[in-house]
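Subject: Structure handover

Hello,

Here is the structure I promised you. Please open it next to this message as you read.

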Amino acid sequence: MEKILLIIQREYLTRVRKRAFIVMTLLVPGLIAAMFAIVIYMAKQQEQIVHTIYVLDESSAFKGKFHDSKSKKYVTIDYPLTAAKDTMQQHENDMLLYIPSATDKKDSVTVYAKKKSTLSLADDIQTELNNIATGNSMVQAHIDTVQLHKIKSNIHVQAQELTDAGAKSANVGASYALGFAGAILIYMSLFIYGAQVMRGVIEEKTSRIVEVIVSSVKPFQLMLGKIIGVGLVGLTQFLLWIILSTIVTQLIGGGGGGHNAQPSPVTQFTSNLGENIVYELSCFIFYWITGYMLYSALFAAVGSAVDSETETQQFMFPITLPLLFAYLLSVSYFFQAPDSPLAVWLSIIPLTAPVVMMVRIPFGVPGWQLGLSMALMIAGFLFATYVAARIYRVGILMYGKKASYKELAKWFFYKE
Amino acid sequence: MLSIRNIVKQYAGHTALNDVSLEVNKGQVFGLLGPNGAGKTSLIRIVNQITAPDSGEIYFNGEKLNQSHINRIGYMPEERGLYKKMEIGEQMIYLARLKGMSRDEAVKRLRYWFEKLEIQAWWNKKIEELSKGMQQKAQFVSTVVHEPDLIILDEPFSGFDPVNAELIKDEVLELNRKGATILFSTHRMESVEELCDSIILLNKSKKILDGTVKDIKNSYRNATYLIEYTGDKLTFDGSQPFSVDEETVTDDSNTIKVKLNAGTSANEVLNYLIPKTSINMLQEVVPTMNEIFIEKVSKLN
């Protein structure tokens, strides 16, 4: 046990001290910060622009009925259209709204602007015009608009989740995003850290140090120590990413925004998730750890069977295939049909479960399915570790021998 | 101190060790000899508990070999190497701690060895920055730093440059004088006579010979002598107490290789020859380990 700790310590420290680790750890929060800064900057830019809309109303039906808003200011003018058009040429953010005397014809109202007007602004104006026109028509038809306003309902759909504890409000969007992000993160980290385990095994084998080490510890201890060490590196990296991302987005959001500072996306996101976050995060951590243990054991076995990274191709393919399959189906199809039979089965089979289950969880997974999936995950990683260890203990001492699947099967059945 | 009894090891389809037994006494330098593929490395790996035998037992200092003995053994495999990207000092500490040493103790012992082998200036260098010779010294240090009772060296002199091979040999012999038992495998016979007290000869997974070097050599003496004389070439009529195997004639001397008849001694040979010619030299022909090895192996084939 003490020796496994020593191995874990070495595997962890040599990786965490590497420049690549430090660069990656700083780069990701940096990118998030940059993205966040750009979003805030764009939003600010948008807010600062105030469009002055000159209204040339020949019908007089809309006079004085426009309401100014933060980004729009209406100014009524009464000079002819051609003269008004000329003045428009000089101001970039100004617009000319021309309402001819007869507005009942379609396409008769025109907005002139030097710059192409943004879609949302044109939409806003259109809605406003329609509201005013409708109001006018109602008055003409002797409908009491005050009465009408009272009657008019304002329905807003709110998502409610039915649970045993009663209805609970849940933000489907945030929950879904977490599941989706979880699936992608698990998919990527299985590859990244699994490959690191494999490279570590190949390094020990090609440098020939492995025989010295297995004269001090059991091959299984070495393999397990390496898997755990690299796994801890992965967890450290995630933790640092989350902490650093929260800090930088807080700083940018708080520092640059003044009184109307936006909350950081992370806190905003977590507050949207409500109580679900604990459940979803624990599922994520469970599937991350068991999925990582399962795949990295397989990667370790592959590493032990080859003499260099270029030889790994033939063994990598069957390992990466289920993962890739699960990932592609998850992001393209399963999030629309999380309870389809294929999704259910793939979320139970250990090789695909970590990715597929992540996508399904926001939509609610029956208890027995989750339980079965988790039980199989644990059984799966124990089995994979057992198989991998049997191949590994022979493979690491086989130098310069090209391994085939037949050879691997033989190694598996070797006695101690 | 090491008793190997009836070890059998089979890999799918072929037998690596077939009922091999041997005894290594404390303080011995023991040679494990045999051609490539004889099973030397398989046996060494079993002693190191890297693999387990299919049947048979090993006793270490009278106890059945178990995990607790790992720290008492120092092993230098034939395929040598270290972590290339790790600093040498840190790496040596790591390897020593895997052998059960505490960090402080490891540092102390390593300082001693680094100074002794004059590599102390390289403590903070990565292995890949070191010369091959330095790496070999470091490898040796990692084998002996935990002061093992049994030092196992698999083909210790292959791969080392001659200067380092000599240096390592001297260090190993010094450790032996201080009480360590040495077990090493080799297919280079000339190193055997120089170093070994006892040997075992393996061929095709079987033990074909074992014992002390002296006993083995004695048993392979076959009353053959080399005699050099000056003067006219002698002719032998069959009444002499020996038979002639070979005759070599040069300008100033003649050499004959003779095999003594049963029951005769070298003195009788001299008594017979002295009246006839002048003797320059009489020497018993003792076979070298290499000859014994070749003879044994080829006889079995």
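Below is what I found, taken chain by chain and then at the contact between the chains.

One caution before the details: this is a predicted model.

**Chain B, overall**

Chain B has 9 helices and 14 strands. Its radius of gyration is 25 Å, while the globule rule gives 19 Å for 301 residues. The value is well over the rule, so chain B is more spread out than a compact globule. The C-alpha trace spans about 75 × 45 × 35 Å along its principal axes.

The chain is divided in two: domain 1 covers 2–218 and domain 2 covers 222–285. The centres of domain 1 and domain 2 of chain B, taken over C-alpha atoms, are 46 Å apart. Of the 301 residues in chain B, 37% count as buried. Take the contacts in chain B between residues at least 6 apart in sequence: 70% of them join residues at least 24 apart.

**Chain B, strand S7**

Is strand S7 of chain B, residues 150–154, mostly covered or mostly open? It is mostly covered, with 5 of its 5 residues buried. Leu150(B), Ile152(B) and Asp154(B) point one way from S7(B). Ile151(B) and Leu153(B) point the other way. Note that the buried set includes a charged residue, Asp154(B).

S7(B) has two partners to look at. Strand S6 of chain B (residues 73–76) runs parallel to S7(B), joined by 4 bridges. There, Met76(B) stands opposite Leu153(B). Strand S8 of chain B (residues 181–186) also pairs with S7(B) in the parallel sense, over 5 bridges. In that pair, Asp154(B) faces Ser185(B).

**Chain B, an antiparallel sheet**

Another place to look is an open sheet of 4 strands in chain B. Its order is S2-S1-S4-S5, and the pairing is antiparallel. Strand S2 (14–24) and strand S5 (63–64) of chain B form the edges, each pairing on one side only. Strand S4 (residues 55–60) of chain B meets S5(B) through 2 bridges. Phe60(B) stands opposite Glu63(B) there.

**Chain A**

The largest nonpolar core has 132 residues. Which residues touch the most other members of this core? They are Ala297(A), Leu298(A) and Ala300(A). Helix H10 of chain A (residues 276–305) gives the most to the core, 15 residues. Setting aside residues up to four places away in sequence, Leu298(A) touches Ile319(A), Ala384(A) and Ala388(A). Another core, of 12 residues, lies apart from the largest one. Its members include Val55(A), Phe62(A), Ile99(A) and Ile125(A).

Arg199(A) sits in helix H6 of chain A, residues 172–206. It counts as partly exposed because it has 15 C-beta neighbours inside 10 Å; a buried residue would need 20 or more. From Arg199(A) to Leu376(A) is 177 residues in sequence and 28 Å in space, C-alpha to C-alpha.

**Where the chains meet**

On the chain B side, 23 residues are in contact with 19 residues of chain A. Helix H2 of chain B (residues 88–98) supplies the largest share of that side, 4 residues. By type, the chain B side divides into 13 nonpolar, 4 polar and 6 charged residues.

Best wishes

Note on methods: Residues numbered from 1 in each chain as written. Chains lettered and ligands numbered in written order. Predicted model: local features only at pLDDT ≥ 70, side-chain atom pairs only at ≥ 80, totals over all residues. Contact = placed C-beta atoms within 7 Å. Core = buried A, V, L, I, M, F, W, Y, C linked by C-beta atoms within 7 Å. Pairing = 2+ DSSP bridges. Domains from an automatic or database assignment. Rg over C-alpha atoms; globule rule 2.2 N^0.38 Å.
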